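Hi everyone, thanks for making time this morning.

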Number of protein chains: 2
Amino acid sequence: MQRYFLLENAELNQRFFIHNTDDIHHIKNVMRMQVDQKLILTFKDQKSLISKIIAFNSDNIELETIEDTTRLTELPVEITIASGMIKGDKYEWMIQKATEMGAHHFIAVQSERTVIKLDEKKRDKKIDRWQKIVKEASEQSMRLTIPDVKYQSNFKAVYDNMNEYDYVLIAYEEEAKRGETSNLHKVITQLEQGQKILLIFGPEGGLTENEVNLFESAEKVGLGPRILRAETAPLYALSALSYQLELMR
Amino acid sequence: MQRYFLLENAELNQRFFIHNTDDIHHIKNVMRMQVDQKLILTFKDQKSLISKIIAFNSDNIELETIEDTTRLTELPVEITIASGMIKGDKYEWMIQKATEMGAHHFIAVQSERTVIKLDEKKRDKKIDRWQKIVKEASEQSMRLTIPDVKYQSNFKAVYDNMNEYDYVLIAYEEEAKRGETSNLHKVITQLEQGQKILLIFGPEGGLTENEVNLFESAEKVGLGPRILRAETAPLYALSALSYQLELMR
(Lines give C-alpha, C1' and ligand atoms only; values in the text may rest on other atoms or scores of the structure.)
Protein backbone atom coordinates (compact mmCIF):
# COMPACT_ATOMS: atom_id res chain seq x y z
CA MET A 1 0.00 0.00 0.00
CA GLN A 2 1.40 3.42 -0.90
CA ARG A 3 2.56 5.69 1.90
CA TYR A 4 2.57 9.48 2.12
CA PHE A 5 3.80 11.81 4.85
CA LEU A 6 1.73 14.52 6.51
CA LEU A 7 3.29 17.09 8.84
CA GLU A 8 0.42 16.93 11.30
CA ASN A 9 -0.44 14.88 14.35
CA ALA A 10 -2.27 11.64 13.77
CA GLU A 11 -5.94 11.22 14.62
CA LEU A 12 -8.12 8.24 13.79
CA ASN A 13 -11.52 8.67 12.12
CA GLN A 14 -10.58 12.19 11.08
CA ARG A 15 -10.50 14.03 7.74
CA PHE A 16 -7.09 15.06 6.41
CA PHE A 17 -5.98 16.81 3.22
CA ILE A 18 -2.95 16.19 1.04
CA HIS A 19 -1.78 19.49 -0.49
CA ASN A 20 1.73 18.48 -1.64
CA THR A 21 1.63 18.67 -5.46
CA ASP A 22 4.17 15.86 -6.00
CA ASP A 23 2.07 13.56 -3.80
CA ILE A 24 -1.17 14.58 -5.54
CA HIS A 25 0.43 13.85 -8.92
CA HIS A 26 1.65 10.49 -7.67
CA ILE A 27 -1.73 9.47 -6.29
CA LYS A 28 -3.81 10.70 -9.24
CA ASN A 29 -1.58 10.10 -12.25
CA VAL A 30 1.00 7.49 -11.27
CA MET A 31 -1.00 5.22 -8.97
CA ARG A 32 -4.32 6.29 -10.62
CA MET A 33 -6.18 5.92 -7.37
CA GLN A 34 -9.94 6.37 -7.06
CA VAL A 35 -12.38 7.49 -4.36
CA ASP A 36 -12.77 4.76 -1.67
CA GLN A 37 -9.33 3.31 -2.34
CA LYS A 38 -6.83 3.23 0.55
CA LEU A 39 -3.33 4.43 1.23
CA ILE A 40 -1.19 4.95 4.34
CA LEU A 41 -0.61 8.37 5.88
CA THR A 42 2.43 8.68 8.14
CA PHE A 43 2.17 11.61 10.54
CA LYS A 44 4.62 13.92 12.31
CA ASP A 45 4.35 11.85 15.51
CA GLN A 46 5.38 8.73 13.56
CA LYS A 47 1.94 7.10 13.65
CA SER A 48 0.81 5.44 10.41
CA LEU A 49 -2.91 5.32 9.64
CA ILE A 50 -4.63 3.52 6.78
CA SER A 51 -6.75 6.19 5.09
CA LYS A 52 -9.56 6.09 2.56
CA ILE A 53 -9.83 8.64 -0.27
CA ILE A 54 -13.01 10.68 0.18
CA ALA A 55 -12.67 13.18 -2.68
CA PHE A 56 -10.35 14.71 -5.24
CA ASN A 57 -10.82 18.43 -4.66
CA SER A 58 -9.43 21.25 -6.81
CA ASP A 59 -6.11 21.64 -4.99
CA ASN A 60 -6.06 18.76 -2.53
CA ILE A 61 -7.06 15.17 -1.90
CA GLU A 62 -9.41 14.58 1.00
CA LEU A 63 -9.04 11.42 3.08
CA GLU A 64 -10.43 9.83 6.21
CA THR A 65 -8.16 7.90 8.56
CA ILE A 66 -9.69 4.53 9.38
CA GLU A 67 -7.11 2.18 10.93
CA ASP A 68 -3.84 2.36 12.87
CA THR A 69 -1.03 0.46 11.16
CA THR A 70 1.95 1.96 12.93
CA ARG A 71 5.01 -0.25 12.67
CA LEU A 72 8.34 0.48 14.26
CA THR A 73 10.52 0.93 11.22
CA GLU A 74 13.05 3.30 12.71
CA LEU A 75 16.44 2.36 14.17
CA PRO A 76 16.63 2.85 17.94
CA VAL A 77 19.49 5.34 17.50
CA GLU A 78 19.53 8.52 15.41
CA ILE A 79 22.09 8.30 12.58
CA THR A 80 23.79 11.17 10.77
CA ILE A 81 25.95 10.37 7.76
CA ALA A 82 28.50 13.09 7.00
CA SER A 83 30.35 12.16 3.84
CA GLY A 84 32.53 13.81 1.26
CA MET A 85 30.34 14.31 -1.80
CA ILE A 86 30.76 11.61 -4.41
CA LYS A 87 30.63 12.18 -8.15
CA GLY A 88 27.55 11.82 -10.31
CA ASP A 89 24.65 9.63 -9.39
CA LYS A 90 26.67 7.64 -6.87
CA TYR A 91 25.88 10.11 -4.08
CA GLU A 92 22.18 9.95 -5.00
CA TRP A 93 22.35 6.17 -5.02
CA MET A 94 24.00 6.21 -1.59
CA ILE A 95 21.47 8.48 0.10
CA GLN A 96 18.59 6.49 -1.42
CA LYS A 97 19.88 3.19 -0.08
CA ALA A 98 21.04 4.71 3.20
CA THR A 99 17.48 5.99 3.66
CA GLU A 100 16.10 2.51 3.00
CA MET A 101 18.52 1.31 5.65
CA GLY A 102 17.50 3.82 8.30
CA ALA A 103 19.78 6.88 8.24
CA HIS A 104 18.13 10.04 9.64
CA HIS A 105 20.34 12.90 8.49
CA PHE A 106 22.78 13.46 5.64
CA ILE A 107 25.53 16.05 5.55
CA ALA A 108 27.03 16.42 2.07
CA VAL A 109 30.54 17.76 2.62
CA GLN A 110 32.70 19.61 0.12
CA SER A 111 35.71 17.66 1.44
CA GLU A 112 39.28 18.33 0.35
CA ARG A 113 39.37 15.50 -2.19
CA THR A 114 35.81 15.94 -3.45
CA VAL A 115 35.94 16.30 -7.21
CA ILE A 116 32.60 18.09 -7.66
CA LYS A 117 32.45 21.84 -7.05
CA LEU A 118 29.02 23.32 -6.38
CA ASP A 119 28.29 27.02 -6.55
CA GLU A 120 25.41 28.26 -4.43
CA LYS A 121 22.80 27.97 -7.20
CA LYS A 122 23.81 24.44 -8.16
CA ARG A 123 23.99 23.54 -4.52
CA ASP A 124 20.38 24.54 -3.85
CA LYS A 125 19.21 22.58 -6.88
CA LYS A 126 21.16 19.55 -5.77
CA ILE A 127 19.83 19.71 -2.23
CA ASP A 128 16.27 19.91 -3.56
CA ARG A 129 16.90 16.88 -5.74
CA TRP A 130 18.54 14.93 -2.93
CA GLN A 131 15.69 15.78 -0.59
CA LYS A 132 13.17 14.44 -3.14
CA ILE A 133 15.14 11.22 -3.52
CA VAL A 134 15.29 10.74 0.21
CA LYS A 135 11.56 11.46 0.67
CA GLU A 136 10.60 8.92 -1.97
CA ALA A 137 12.97 6.29 -0.51
CA SER A 138 11.52 6.96 2.93
CA GLU A 139 8.00 6.37 1.72
CA GLN A 140 8.85 3.18 -0.11
CA SER A 141 10.79 1.64 2.76
CA MET A 142 7.95 2.47 5.17
CA ARG A 143 10.02 4.78 7.32
CA LEU A 144 8.20 6.89 9.90
CA THR A 145 10.30 9.95 9.25
CA ILE A 146 11.87 11.68 6.26
CA PRO A 147 15.64 12.21 6.57
CA ASP A 148 17.05 15.66 5.81
CA VAL A 149 20.00 16.58 3.62
CA LYS A 150 22.32 19.48 4.44
CA TYR A 151 25.46 20.86 2.86
CA GLN A 152 28.74 21.80 4.55
CA SER A 153 31.63 23.42 2.75
CA ASN A 154 34.27 21.46 4.67
CA PHE A 155 34.75 18.87 7.40
CA LYS A 156 35.87 21.56 9.87
CA ALA A 157 32.24 22.71 9.96
CA VAL A 158 31.20 19.14 10.81
CA TYR A 159 33.90 18.96 13.47
CA ASP A 160 32.60 22.19 15.03
CA ASN A 161 29.29 20.45 15.75
CA MET A 162 30.72 17.25 17.16
CA ASN A 163 29.31 17.89 20.62
CA GLU A 164 25.77 17.43 19.29
CA TYR A 165 26.44 13.70 19.08
CA ASP A 166 26.78 10.95 21.68
CA TYR A 167 29.20 9.02 19.46
CA VAL A 168 31.28 9.97 16.47
CA LEU A 169 32.60 7.14 14.29
CA ILE A 170 35.03 7.59 11.46
CA ALA A 171 35.27 4.87 8.83
CA TYR A 172 38.87 4.85 7.88
CA GLU A 173 40.24 2.65 5.10
CA GLU A 174 43.55 2.20 6.91
CA GLU A 175 41.73 0.42 9.72
CA ALA A 176 40.49 -2.12 7.15
CA LYS A 177 44.01 -2.85 5.99
CA ARG A 178 45.49 -3.19 9.48
CA GLY A 179 43.07 -5.99 10.35
CA GLU A 180 41.17 -4.05 13.00
CA THR A 181 38.11 -6.13 13.65
CA SER A 182 36.37 -5.25 16.83
CA ASN A 183 35.91 -1.51 17.26
CA LEU A 184 32.62 -1.19 15.37
CA HIS A 185 31.19 -4.07 17.38
CA LYS A 186 32.45 -2.62 20.66
CA VAL A 187 30.82 0.74 19.93
CA ILE A 188 27.48 -0.64 18.70
CA THR A 189 27.25 -2.80 21.82
CA GLN A 190 27.43 0.33 24.00
CA LEU A 191 24.73 2.27 22.17
CA GLU A 192 21.55 3.20 24.02
CA GLN A 193 18.09 3.98 22.73
CA GLY A 194 17.76 7.52 21.39
CA GLN A 195 21.45 8.32 21.18
CA LYS A 196 22.75 10.45 18.30
CA ILE A 197 25.50 8.88 16.24
CA LEU A 198 27.61 10.69 13.63
CA LEU A 199 29.24 8.51 10.97
CA ILE A 200 32.03 10.10 8.92
CA PHE A 201 33.07 8.90 5.46
CA GLY A 202 35.44 10.25 2.83
CA PRO A 203 34.77 10.86 -0.88
CA GLU A 204 36.22 8.60 -3.62
CA GLY A 205 39.73 9.85 -2.94
CA GLY A 206 39.36 9.28 0.80
CA LEU A 207 39.86 11.70 3.68
CA THR A 208 43.09 13.72 3.85
CA GLU A 209 45.35 13.46 6.88
CA ASN A 210 44.15 16.89 7.99
CA GLU A 211 40.53 15.79 7.86
CA VAL A 212 41.25 12.59 9.77
CA ASN A 213 43.17 14.54 12.40
CA LEU A 214 40.17 16.81 12.98
CA PHE A 215 38.32 13.77 14.28
CA GLU A 216 41.12 12.51 16.50
CA SER A 217 38.71 11.97 19.38
CA ALA A 218 36.29 9.95 17.25
CA GLU A 219 36.10 6.16 17.29
CA LYS A 220 38.05 4.80 14.31
CA VAL A 221 36.22 1.81 12.89
CA GLY A 222 37.02 -0.76 10.25
CA LEU A 223 34.18 -2.00 8.08
CA GLY A 224 35.55 -5.46 7.40
CA PRO A 225 38.66 -6.56 5.48
CA ARG A 226 37.48 -5.62 1.99
CA ILE A 227 37.96 -2.08 0.67
CA LEU A 228 34.50 -0.60 0.17
CA ARG A 229 33.80 2.25 -2.24
CA ALA A 230 32.78 5.61 -0.81
CA GLU A 231 29.12 5.03 -1.68
CA THR A 232 29.10 1.49 -0.26
CA ALA A 233 30.73 2.06 3.12
CA PRO A 234 27.76 3.83 4.77
CA LEU A 235 25.50 0.92 3.80
CA TYR A 236 27.76 -1.58 5.55
CA ALA A 237 27.73 0.53 8.71
CA LEU A 238 23.93 0.94 8.65
CA SER A 239 23.38 -2.78 8.05
CA ALA A 240 25.69 -3.65 10.94
CA LEU A 241 23.79 -1.26 13.20
CA SER A 242 20.44 -2.69 12.15
CA TYR A 243 21.64 -6.28 12.45
CA GLN A 244 22.88 -5.84 15.99
CA LEU A 245 20.26 -3.42 17.31
CA GLU A 246 17.20 -4.83 15.55
CA LEU A 247 17.85 -8.47 14.66
CA MET A 248 19.99 -9.60 17.56
CA ARG A 249 17.72 -8.60 20.39
CA MET B 1 48.30 0.05 -5.37
CA GLN B 2 46.48 -1.44 -8.36
CA ARG B 3 45.64 -5.11 -8.31
CA TYR B 4 45.39 -7.60 -11.18
CA PHE B 5 44.47 -11.27 -11.20
CA LEU B 6 46.57 -14.05 -12.72
CA LEU B 7 45.23 -17.57 -13.13
CA GLU B 8 48.49 -19.16 -12.04
CA ASN B 9 50.02 -20.25 -8.77
CA ALA B 10 51.97 -17.67 -6.86
CA GLU B 11 55.75 -17.76 -6.64
CA LEU B 12 57.99 -15.14 -5.13
CA ASN B 13 61.00 -13.75 -7.03
CA GLN B 14 59.61 -15.15 -10.27
CA ARG B 15 58.82 -13.66 -13.66
CA PHE B 16 55.15 -13.50 -14.69
CA PHE B 17 53.38 -12.15 -17.76
CA ILE B 18 50.08 -10.32 -18.04
CA HIS B 19 48.39 -11.23 -21.36
CA ASN B 20 44.84 -10.00 -20.64
CA THR B 21 44.24 -7.09 -23.06
CA ASP B 22 41.90 -5.19 -20.71
CA ASP B 23 44.53 -5.34 -17.97
CA ILE B 24 47.32 -4.30 -20.35
CA HIS B 25 45.22 -1.35 -21.50
CA HIS B 26 44.51 -0.40 -17.89
CA ILE B 27 48.17 -0.56 -16.86
CA LYS B 28 49.59 1.20 -19.93
CA ASN B 29 46.92 3.74 -20.84
CA VAL B 30 44.78 4.33 -17.75
CA MET B 31 47.33 4.07 -14.94
CA ARG B 32 50.22 5.01 -17.32
CA MET B 33 52.63 2.82 -15.45
CA GLN B 34 56.33 2.64 -16.26
CA VAL B 35 59.08 0.05 -15.94
CA ASP B 36 60.18 -0.39 -12.29
CA GLN B 37 56.79 0.72 -10.93
CA LYS B 38 54.85 -1.73 -8.76
CA LEU B 39 51.44 -3.30 -8.70
CA ILE B 40 49.82 -6.27 -6.92
CA LEU B 41 49.25 -9.61 -8.63
CA THR B 42 46.63 -11.85 -7.02
CA PHE B 43 47.06 -15.50 -7.97
CA LYS B 44 44.77 -18.51 -8.35
CA ASP B 45 45.76 -19.78 -4.90
CA GLN B 46 44.67 -16.44 -3.39
CA LYS B 47 48.17 -15.21 -2.63
CA SER B 48 48.86 -11.54 -3.40
CA LEU B 49 52.40 -10.53 -4.39
CA ILE B 50 53.75 -7.02 -4.95
CA SER B 51 55.33 -7.12 -8.42
CA LYS B 52 57.64 -4.82 -10.30
CA ILE B 53 57.21 -4.10 -14.02
CA ILE B 54 60.25 -5.42 -15.90
CA ALA B 55 59.22 -4.71 -19.52
CA PHE B 56 56.37 -3.81 -21.85
CA ASN B 57 56.63 -6.51 -24.52
CA SER B 58 54.67 -6.63 -27.78
CA ASP B 59 51.68 -8.60 -26.43
CA ASN B 60 52.30 -8.78 -22.70
CA ILE B 61 53.67 -7.01 -19.66
CA GLU B 62 56.54 -8.73 -17.90
CA LEU B 63 56.79 -8.52 -14.11
CA GLU B 64 58.84 -9.89 -11.24
CA THR B 65 57.16 -10.78 -7.94
CA ILE B 66 59.07 -9.24 -5.05
CA GLU B 67 56.98 -9.26 -1.85
CA ASP B 68 54.08 -11.20 -0.31
CA THR B 69 51.20 -8.97 0.67
CA THR B 70 48.45 -11.54 1.03
CA ARG B 71 45.54 -10.34 3.17
CA LEU B 72 42.51 -12.39 4.06
CA THR B 73 39.79 -10.46 2.31
CA GLU B 74 37.37 -13.29 1.73
CA LEU B 75 34.36 -14.17 3.90
CA PRO B 76 34.79 -17.49 5.75
CA VAL B 77 31.69 -18.87 3.99
CA GLU B 78 31.00 -19.10 0.26
CA ILE B 79 28.04 -16.94 -0.77
CA THR B 80 25.82 -17.36 -3.82
CA ILE B 81 23.23 -14.67 -4.56
CA ALA B 82 20.37 -15.91 -6.73
CA SER B 83 18.09 -12.99 -7.51
CA GLY B 84 15.37 -12.12 -9.95
CA MET B 85 16.96 -9.79 -12.49
CA ILE B 86 16.35 -6.13 -11.80
CA LYS B 87 15.77 -3.49 -14.46
CA GLY B 88 18.47 -1.30 -15.95
CA ASP B 89 21.67 -0.48 -14.18
CA LYS B 90 20.28 -1.45 -10.79
CA TYR B 91 21.32 -5.08 -11.24
CA GLU B 92 24.80 -3.89 -12.23
CA TRP B 93 24.97 -1.68 -9.12
CA MET B 94 23.94 -4.61 -7.00
CA ILE B 95 26.51 -7.07 -8.29
CA GLN B 96 29.25 -4.44 -8.08
CA LYS B 97 28.49 -3.62 -4.45
CA ALA B 98 27.78 -7.24 -3.55
CA THR B 99 31.24 -8.07 -4.92
CA GLU B 100 32.78 -5.34 -2.76
CA MET B 101 30.95 -6.92 0.15
CA GLY B 102 32.20 -10.46 -0.49
CA ALA B 103 29.68 -12.44 -2.57
CA HIS B 104 31.27 -15.32 -4.53
CA HIS B 105 28.65 -16.29 -7.11
CA PHE B 106 25.73 -14.57 -8.79
CA ILE B 107 22.79 -16.29 -10.44
CA ALA B 108 20.69 -13.86 -12.49
CA VAL B 109 17.22 -15.40 -12.64
CA GLN B 110 14.51 -14.70 -15.20
CA SER B 111 11.97 -14.84 -12.36
CA GLU B 112 8.21 -14.68 -12.91
CA ARG B 113 7.94 -10.95 -12.13
CA THR B 114 11.19 -9.93 -13.82
CA VAL B 115 10.38 -7.17 -16.28
CA ILE B 116 13.43 -7.59 -18.52
CA LYS B 117 13.36 -10.30 -21.17
CA LEU B 118 16.71 -11.45 -22.54
CA ASP B 119 17.09 -13.48 -25.71
CA GLU B 120 20.17 -15.66 -25.97
CA LYS B 121 22.28 -13.08 -27.80
CA LYS B 122 21.42 -10.27 -25.36
CA ARG B 123 21.95 -12.65 -22.50
CA ASP B 124 25.52 -13.47 -23.52
CA LYS B 125 26.32 -9.79 -23.94
CA LYS B 126 24.85 -9.02 -20.53
CA ILE B 127 26.75 -11.82 -18.84
CA ASP B 128 29.99 -10.58 -20.38
CA ARG B 129 29.27 -7.09 -19.14
CA TRP B 130 28.30 -8.28 -15.65
CA GLN B 131 31.44 -10.41 -15.47
CA LYS B 132 33.59 -7.38 -16.32
CA ILE B 133 31.87 -5.31 -13.64
CA VAL B 134 32.41 -8.01 -11.06
CA LYS B 135 36.08 -8.48 -12.01
CA GLU B 136 36.78 -4.78 -11.69
CA ALA B 137 34.95 -4.55 -8.34
CA SER B 138 36.90 -7.57 -7.12
CA GLU B 139 40.21 -5.94 -7.98
CA GLN B 140 39.32 -2.67 -6.37
CA SER B 141 38.03 -4.17 -3.13
CA MET B 142 41.17 -6.34 -2.87
CA ARG B 143 39.28 -9.62 -3.11
CA LEU B 144 41.34 -12.78 -3.58
CA THR B 145 38.89 -14.27 -6.03
CA ILE B 146 36.69 -13.08 -8.87
CA PRO B 147 33.00 -13.96 -8.49
CA ASP B 148 31.19 -15.54 -11.42
CA VAL B 149 27.84 -14.59 -12.92
CA LYS B 150 25.45 -17.20 -14.36
CA TYR B 151 21.96 -17.02 -15.82
CA GLN B 152 18.97 -19.22 -15.03
CA SER B 153 15.68 -19.00 -16.88
CA ASN B 154 13.59 -19.57 -13.76
CA PHE B 155 13.81 -20.24 -10.04
CA LYS B 156 12.89 -23.91 -10.54
CA ALA B 157 16.37 -24.37 -12.03
CA VAL B 158 17.85 -22.80 -8.89
CA TYR B 159 15.67 -25.06 -6.72
CA ASP B 160 16.94 -28.12 -8.62
CA ASN B 161 20.46 -27.35 -7.38
CA MET B 162 19.58 -26.68 -3.77
CA ASN B 163 21.50 -29.70 -2.52
CA GLU B 164 24.78 -28.07 -3.51
CA TYR B 165 24.41 -25.73 -0.55
CA ASP B 166 24.76 -26.17 3.20
CA TYR B 167 22.17 -23.47 3.86
CA VAL B 168 19.53 -21.82 1.72
CA LEU B 169 18.11 -18.50 2.92
CA ILE B 170 15.19 -16.72 1.35
CA ALA B 171 14.73 -13.01 2.03
CA TYR B 172 11.05 -12.52 2.09
CA GLU B 173 9.38 -9.11 2.45
CA GLU B 174 6.46 -10.61 4.33
CA GLU B 175 8.90 -11.58 7.03
CA ALA B 176 9.88 -7.93 7.40
CA LYS B 177 6.27 -6.93 7.73
CA ARG B 178 5.51 -9.69 10.21
CA GLY B 179 8.27 -8.47 12.50
CA GLU B 180 10.47 -11.57 12.25
CA THR B 181 13.74 -10.59 13.91
CA SER B 182 15.82 -13.53 14.89
CA ASN B 183 16.13 -16.00 12.05
CA LEU B 184 19.00 -14.39 10.16
CA HIS B 185 20.98 -14.13 13.38
CA LYS B 186 20.17 -17.72 14.34
CA VAL B 187 21.37 -19.02 10.98
CA ILE B 188 24.55 -16.92 10.81
CA THR B 189 25.50 -18.08 14.30
CA GLN B 190 25.42 -21.71 13.11
CA LEU B 191 27.61 -21.18 10.03
CA GLU B 192 30.95 -22.93 9.84
CA GLN B 193 34.09 -22.08 7.88
CA GLY B 194 33.87 -23.10 4.24
CA GLN B 195 30.13 -23.74 4.09
CA LYS B 196 28.18 -22.84 0.95
CA ILE B 197 25.27 -20.49 1.47
CA LEU B 198 22.59 -19.68 -1.12
CA LEU B 199 20.72 -16.39 -0.65
CA ILE B 200 17.49 -15.95 -2.64
CA PHE B 201 15.99 -12.57 -3.52
CA GLY B 202 13.10 -11.46 -5.71
CA PRO B 203 13.08 -8.83 -8.47
CA GLU B 204 11.39 -5.43 -8.03
CA GLY B 205 7.95 -7.01 -8.00
CA GLY B 206 9.00 -9.61 -5.46
CA LEU B 207 8.78 -13.39 -5.62
CA THR B 208 5.48 -15.01 -6.56
CA GLU B 209 3.81 -17.47 -4.22
CA ASN B 210 4.87 -20.33 -6.52
CA GLU B 211 8.48 -19.24 -6.32
CA VAL B 212 8.40 -18.89 -2.54
CA ASN B 213 6.77 -22.34 -2.24
CA LEU B 214 9.62 -23.91 -4.22
CA PHE B 215 11.93 -22.96 -1.37
CA GLU B 216 9.66 -24.22 1.40
CA SER B 217 12.57 -25.96 3.10
CA ALA B 218 14.75 -22.86 3.05
CA GLU B 219 15.25 -20.60 6.04
CA LYS B 220 12.96 -17.59 5.73
CA VAL B 221 14.77 -14.52 6.97
CA GLY B 222 13.75 -10.94 7.59
CA LEU B 223 16.30 -8.22 6.86
CA GLY B 224 15.13 -5.74 9.46
CA PRO B 225 11.84 -3.83 9.74
CA ARG B 226 12.31 -1.49 6.77
CA ILE B 227 11.33 -2.62 3.28
CA LEU B 228 14.51 -2.80 1.21
CA ARG B 229 14.53 -2.54 -2.56
CA ALA B 230 15.49 -5.60 -4.60
CA GLU B 231 18.99 -4.24 -5.25
CA THR B 232 19.55 -3.26 -1.62
CA ALA B 233 18.48 -6.43 0.17
CA PRO B 234 21.53 -8.53 -0.80
CA LEU B 235 23.83 -5.82 0.56
CA TYR B 236 22.13 -5.91 3.95
CA ALA B 237 22.51 -9.68 4.11
CA LEU B 238 26.19 -9.57 3.10
CA SER B 239 26.96 -6.82 5.63
CA ALA B 240 25.24 -8.79 8.39
CA LEU B 241 27.30 -11.88 7.47
CA SER B 242 30.54 -9.89 7.45
CA TYR B 243 29.72 -8.08 10.67
CA GLN B 244 29.07 -11.26 12.58
CA LEU B 245 31.64 -13.54 10.99
CA GLU B 246 34.49 -11.03 10.57
CA LEU B 247 33.98 -8.21 13.08
CA MET B 248 32.47 -10.02 16.00
CA ARG B 249 35.10 -12.70 16.48
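Let's begin with R229(B), which is buried because its relative accessible area is 14%, under the 20% cut-off. Do keep in mind as we go that this is a predicted model.

So which residue does R229(B) form a salt bridge with? The partner is E100(A), and the closest N and O atoms are 3.2 Å apart. If you follow that pair on screen, you'll see it cross between chains: R229(B) sits in the loop between β11 (219-221) and α8 (233-247) of chain B, while E100(A) belongs to helix α2 (residues 89-100) of chain A. E100(A) is buried too, with a relative accessible area of 0%.

Now please go to the arginine with that number in chain A. R229(A) has its own salt bridge, with the side chain of E136(B), at 3.0 Å from N to O. This pair also runs between chains, from the loop between β11 (219-221) and α8 (233-247) of chain A to helix α3 (residues 120-140) of chain B. Is R229(A) buried or exposed? It is buried, with a relative accessible area of 15%. E136(B), on the other hand, has 39% relative accessibility, so it counts as partly exposed. There is also a network here: K97(A), E100(A), E136(A), R229(B) and E231(B) are joined into one by salt bridges that share partners.

As background, side chains of opposite charge can pair when their charged atoms come close. How many salt bridges does a search of the whole structure find? Over all chains, the number is 34.

Let me show you one more, inside chain A. The side chains of R15(A) and E62(A) meet in a salt bridge of 2.9 Å, N to O. R15(A) is in strand β2 (residues 15-18) and E62(A) is in strand β5 (residues 61-68), so this contact ties together parts that are 47 residues apart in sequence. R15(A) counts as partly exposed, at 39% relative accessibility, whereas E62(A), at 14%, counts as buried.

On to the strands of chain A. Look at β3(A), residues 38-43: five of its six residues are buried, so the rest of the structure largely encloses this strand. Strand β1 (residues 3-6) of chain A runs parallel to β3(A), and four bridges join them. Strand β4 (residues 48-56) of chain A pairs with β3(A) in the antiparallel sense, over five bridges. β3(A) and β4(A) form a hairpin with four residues between them, and Q46(A) in the turn has a positive phi of about 70 degrees.

In chain B, strand β10 (residues 196-201) is mostly covered, with five of its six residues buried. It pairs with strand β6 (residues 78-84) of chain B in the parallel sense over six bridges; F201(B) is the bridge partner of S83(B) there. Strand β9 (residues 167-171) of chain B runs parallel to β10(B) as well, joined by four bridges, and I170(B) has I200(B) as its bridge partner.

Last stop, the surface. D119(A), E120(A), D124(A) and D128(A) gather in a patch of negative charge. D124(A) is found in helix α3 (residues 120-140) of chain A, and its 46% relative accessibility is why it counts as partly exposed.

That's my tour, and I'm happy to take questions.

Key. Residues numbered from 1 in each chain as written. Chains lettered and ligands numbered in written order. Predicted model: local features only at pLDDT ≥ 70, side-chain atom pairs only at ≥ 80, totals over all residues. Heavy atoms only, no water. Patch = residues over 30% accessible without salt bridge, like charges linked within 9 Å, V, L, I, M, F, W, Y side chains within 5 Å. Areas by Shrake-Rupley, 256 points an atom, 1.4 Å probe, with all protein chains shown as cover. Salt bridge = Lys/Arg side-chain N within 4 Å of Asp/Glu carboxyl O. Lys, Arg positive; Asp, Glu negative; His and termini not counted. Charge placed at Lys NZ, Arg CZ, Asp CG, Glu CD. Helix = DSSP H or I, 4+ residues; strand = E, 2+ residues; numbered from the N terminus. Buried < 20%, exposed > 50% of the residue type's maximum accessible area, 1.4 Å probe, protein only. Pairing = 2+ DSSP bridges.
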